[in-house]
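The exercises below are to be worked through with the sequence and the 3D structure in view. Each task is followed by its solution in steps.

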Amino acid sequence: PKKIILDVDPGHDDAVAMMMARIHPAIDLRAVTVVAGNQTLAKTARNALLVAEAIGLACPVAAGMARPMVREPILAGDIHGASGLDGPVFGEPALALDGRHAVDLLIETLLASDGDIAVVPTGPLTNVAMAMRKEPAIVEKIERIVLMGGSYQLGNVTPAAEFNICADAEAAHVVFSSGRPLVMMGLDLTRQALCGADVVERARRLDNSVATLFVELMEFFTKTQREVFGWTAPPLHDPTTVAWLIDPTLFETKAMRVDVELRGEHTYGRTCCDYFGVTGREPNAEVAVGLDVPRFWDLLIDCLALYGR
Ligand code: BDR
Ligand code: CA
């Protein structure tokens, strides 16, 4: 199985990415590192523990950076609620966080590896960038980065920028310029993964505890995505990263040079993607452009169905 570290800010779609990574036999989830993003670090770390418990996760879960490298923090309570994971009713977390800082857990896990671990960020890139700066030797050890973030078309937090990149564009710059192979699941791709009532209904019929948690998460997420963006079915962003690692044939990607805008007044946090190759510069990312939508939902439902088997 493919070894990965998931770096998350749960977050409804982060929680689903955790489910897929935990359940699918093609993935060996070595660590979950948590960053501030959709909500404060205290809340995203708590949510990660709650999800970890609900899905029977065995690997360490560590809390990391509580704020971005340079900019002031932004949160996404309008989409994910006051808790960052509104909808399901949770008790107090029974699991505890790993004693290490997430940046150190990333460094230790990567340094101890044979260079065969993929880093999979589904939140702002603060933890990953800080780890690269604290211990540059990890960069070569990262097999590849498969991240959710950015857009070559429209943004969602500003007209130009996507949330994960805009929430810490300086960190995103560090990661995109790291020189490691990088797969970008931007909004162009995730807006093809619209989680309709039919998908939720298929999950409901599975009738296991993880599928039920998925249904409860999607009920809330569907409501806020409709209120904020007018989607009748919400884009399920983060699980596309794990899906790519399980079965890249679900995706069409295009090699592009991607630079993160750090100075624009209206464009801070934009991923400037050289779609047509007009700069003539070497591509630094495989940017996802197309999704086999029916097979993506089949994979997600298969994961949920596998739970407990
Ligand atoms: C990204 O922002 C967050 O709200 C989601 O969890 C996802 O990672 C989408 O822009
Ligand atoms: Ca996220």
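**Exercise 1: Overall build**

The protein chain has 13 helices and 10 strands, where helices (H or I, at least four residues) and strands (E, at least two) are DSSP runs numbered from the N terminus. Its radius of gyration, taken over C-alpha atoms, is 18 Å, close to the 19 Å of the globule rule for 309 residues, so the chain is as compact as a globular protein of that length. The globule rule is 2.2 Å times the number of residues to the power 0.38.

This is a predicted model, in which local features need pLDDT of at least 70 and side-chain atom pairs count only at pLDDT 80 or more, while totals for chains, interfaces and linings use all residues. Residues are numbered from 1 along each chain as its sequence is written, and chains are lettered from A and ligands numbered from 1 in the order in which they are written.

Task: state what box the C-alpha atoms of the protein chain fill, and what percentage of its residues count as buried.

Solution. Step 1: along the principal axes, the box is roughly 50 × 40 × 35 Å. Step 2: a residue is buried if 20 or more other C-beta atoms lie within 10 Å of its own, exposed if 12 or fewer, and partly exposed in between, with C-beta atoms placed from the backbone. Of the 309 residues, 52% count as buried.

**Exercise 2: The sheet**

Task: give the strand order of the open sheet and find which strands stand at its edges.

Solution. Step 1: two strands pair if DSSP finds at least two bridges between them. The open sheet is formed by 8 strands in the order β3-β2-β1-β4-β5-β6-β10-β7, with mixed pairing. Step 2: β3 (61–63) and β7 (251–256) each have a single partner strand, so one side of each is left without a neighbour in the sheet. Step 3: from one strand to the next the twist averages 25 degrees, with axes being lines fitted to C-alpha atoms, for helices over the stretch in contact, and angles running from 0 to 180 degrees between N-to-C directions.

**Exercise 3: Pairing of β10**

Task: describe how β6 and β7 pair with β10.

Solution. Step 1: β6 (residues 182–185) is parallel to β10, with 2 bridges; M184 has V287 as its bridge partner. Step 2: β7 is antiparallel to β10, with 6 bridges; here E252 is partnered by G290. Step 3: β10 (residues 285–291) has 5 of its 7 residues buried, so the rest of the structure largely encloses it.

**Exercise 4: The ligand shell**

Task: say how many residues surround ligand 1 and how they divide by class.

Solution. Step 1: a residue is near a molecule if its C-beta atom, placed from the backbone, lies within 6 Å of it. Ligand 1 is surrounded by 15 residues, the closest being G11, D13, A76, F163 and H237. Step 2: Ala, Val, Leu, Ile, Met, Phe, Trp, Tyr, Cys and Pro count as nonpolar, Asp, Glu, Lys and Arg as charged, and the others, Gly among them, as polar. The shell then has 4 nonpolar, 7 polar and 4 charged residues. Step 3: α1 (12–23) and α7 (163–166) each supply at least two residues of this shell.
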